[in-house]
Structure formats: structure tokens, C-alpha cells
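Here is a short tour of one model for you to follow on screen. Have the 3D view open beside the text as you read.

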Amino acid sequence: NAKLCYFHQVLLGDMGAGKSSLVLRFVKGQFLEFQESTIGAAFFSQTLAVNDATVKFEIWDTAGQERYHSLAPMYYRGAAAAIIVYDITSSDSFTRAKKWVQELQKQGNPNMVMALAGNKADLEDKRKVTAEEARVYAEENGLFFMETSAKSATNVNDVFYEIAKRLPRA
Ligand code: GTP
Ligand code: MG
């Protein structure tokens, strides 16, 4: 009785936080040291087996550069889930992530499943944002939180899997 569910998902966050790298790791199992900055947005899809269902993620990887900000609503408006990504070595990227959360709370789909991903967890020696600070923020705002590394693959599949588990099934 396998069920197939489609979910539109979006990644948001500061430029260089690692959105494209997380998607590339999840979809292709690859990591590039010199990942190019995204222009506009890029589309990917990936299928996951969750319990008795097959979940097909249709993923919009948005561009973090400020000049593309006005395009973002096109990608998050219909989204069932969002991953807001920051870089644990950049306080500015954490501030930017909080702004995205506010924007989604005001203008996104009210039932959206939101995840906060503190990426580049492999760069512990350059850390600027503590896991505790992010965990508290996520809890207060109803997001689930994980630190990830697209480079080492830590928690990357887990973020997508946790989202799939939280999505309502039609
Ligand atoms: P925009 O497309 O400009 O919004 O950036 P982005 O959020 O898609 O970031 P991108 O994936 O392009 O990554 C930026 C840089 O960080 C690249 O050089 C990546 O190789 C590097 N990077 C991404 N994830 C990680 C990680 O987990 N660890 C380390 N050490 N570097 C990473
Ligand atoms: Mg990108």
C-alpha cells in the first residue's frame, strides 16, 4: 500500500551559508569546496522512503545574495517546508536566518514545517554561534534545529528525513 507524497520545499539563508551544498549532498552525495554562488534559484528533486510512504521532495534552492531577496516569496509561498540555513562560523548569517524566520512567520504558509540548520559544523574551531543559543531560539519559534555539515555529511539526510516525518500526509 505504498503511498507517494509530493512536497514542495525551499532553502533560505545568507549567501555562503551552504544551502546549495546541503542540497547537493542530499541529492547527489557530493560536496564541492568551490561551490558557485546561486543565481536566482535552482531546482532539485529527491525521493525518500519514510515509514509506509514514499516522499518526493521538490526542492527550491534559493540565492542568498541580497539582490535576489525580492524573488524569495515565489519560492516559499507554496512550500510545505523550509530549511533556514546559517553558518555556525558567522554571527551575521545567524541574524539573517532569524530575519527569514520572521518573514516566513508573517508571509509564509501558516502550516509550514520549518527547520533551522546550523551548517559548517565541521569548522568547530571557527565557531561563532553556539548550539545552545540556536537551540533556544528554535524552540521559542517552533522550528526544529540541527547542526549539519555538507562537507562531512553530518545530519544532512537527517534534516530532510525529520521534515518528511513532520509533514502532514494527505
Ligand atoms: P548562495 O548560493 O550564494 O546563497 O550560497 P549557498 O548558501 O548556496 O552556499 P554554498 O553551498 O554555495 O557554499 C558556500 C561555500 O561554503 C562553498 O565554498 C562551500 O564549499 C562551503 N561550504 C558549504 N557547506 C560547508 C560545510 O558544511 N563545511 C565547510 N567547511 N564548508 C562548507
Ligand atoms: Mg547556493
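N155 counts as partly exposed, at 26% relative accessibility (buried means under 20% relative accessible area, exposed over 50%, and partly exposed in between, with a 1.4 Å probe and protein chains only). N155 is found in the loop between strand 6 and helix 5, where helices (H or I, at least four residues) and strands (E, at least two) are DSSP runs numbered from the N terminus. Its phi is near 60°, a positive value in a residue other than glycine. A153 sits in the loop between strand 6 and helix 5 too, with phi near 75°, again positive and again not a glycine. A153 is partly exposed, with a relative accessible area of 34%. Most residues other than glycine have a negative phi.

A word on the ground rules: this is a predicted model, in which local features need pLDDT of at least 70 and side-chain atom pairs count only at pLDDT 80 or more, while totals for chains, interfaces and linings use all residues. Residues are numbered from 1 along each chain as its sequence is written, chains are lettered from A and ligands numbered from 1 in the order in which they are written, and side-chain values use heavy atoms, leaving out hydrogens and water.

## The magnesium site

Which residues coordinate the magnesium ion (ligand 2)? They are S20, through OG, and T38, through OG1, at 2.1 Å. Donors here are N, O and S atoms within 2.8 Å of the metal (3.2 Å for Na, K and Ca); water is not among the atoms, so sites may look incomplete. S20 lies in helix 1 and T38 in the loop between helix 1 and strand 2, so the pair ties together parts that are 18 residues apart in sequence. Both S20 and T38 are buried.

## Pocket and cavity

The largest pocket holds about 430 Å³ of space. Of its 25 lining residues, G16, G18, S21, Q35 and K120 are the closest to its centre. Helix 1 gives the most to this lining, with three residues. The lining of the largest pocket divides into seven nonpolar, 11 polar and seven charged residues; Ala, Val, Leu, Ile, Met, Phe, Trp, Tyr, Cys and Pro count as nonpolar, Asp, Glu, Lys and Arg as charged, and the others, Gly among them, as polar.

There is one cavity of 30 Å³ or more, and the largest cavity has about 60 Å³ of space. Helix 2 (72-76) and helix 3 (91-107) each supply at least two residues of the cavity lining. On a 1 Å grid over the protein atoms alone, a cavity is a set of points where a 1.4 Å probe fits but cannot get out, and a pocket is an open set with protein on both sides within 12 Å along at least five of seven lines; lining residues have an atom within 4 Å of a point. Grid points are joined across faces, edges and corners, and a volume is the space filled by probe spheres set on the points.

## The nonpolar cores

A nonpolar core is a set of buried Ala, Val, Leu, Ile, Met, Phe, Trp, Tyr and Cys residues joined through side-chain atoms within 4.5 Å. In the largest one, of 30 residues, F57, I59, I83, F160, I163 and L167 touch the most other members. Helix 5 gives the most to this core, with five residues. Apart from it lies another core, of 24 residues, including Y86, A97, V101 and L116.

Leaving aside neighbours within four places in sequence, I83 is in contact (heavy atoms within 4.5 Å) with Q9, V10, L11, L12, A115, A117, V159, F160 and I163.
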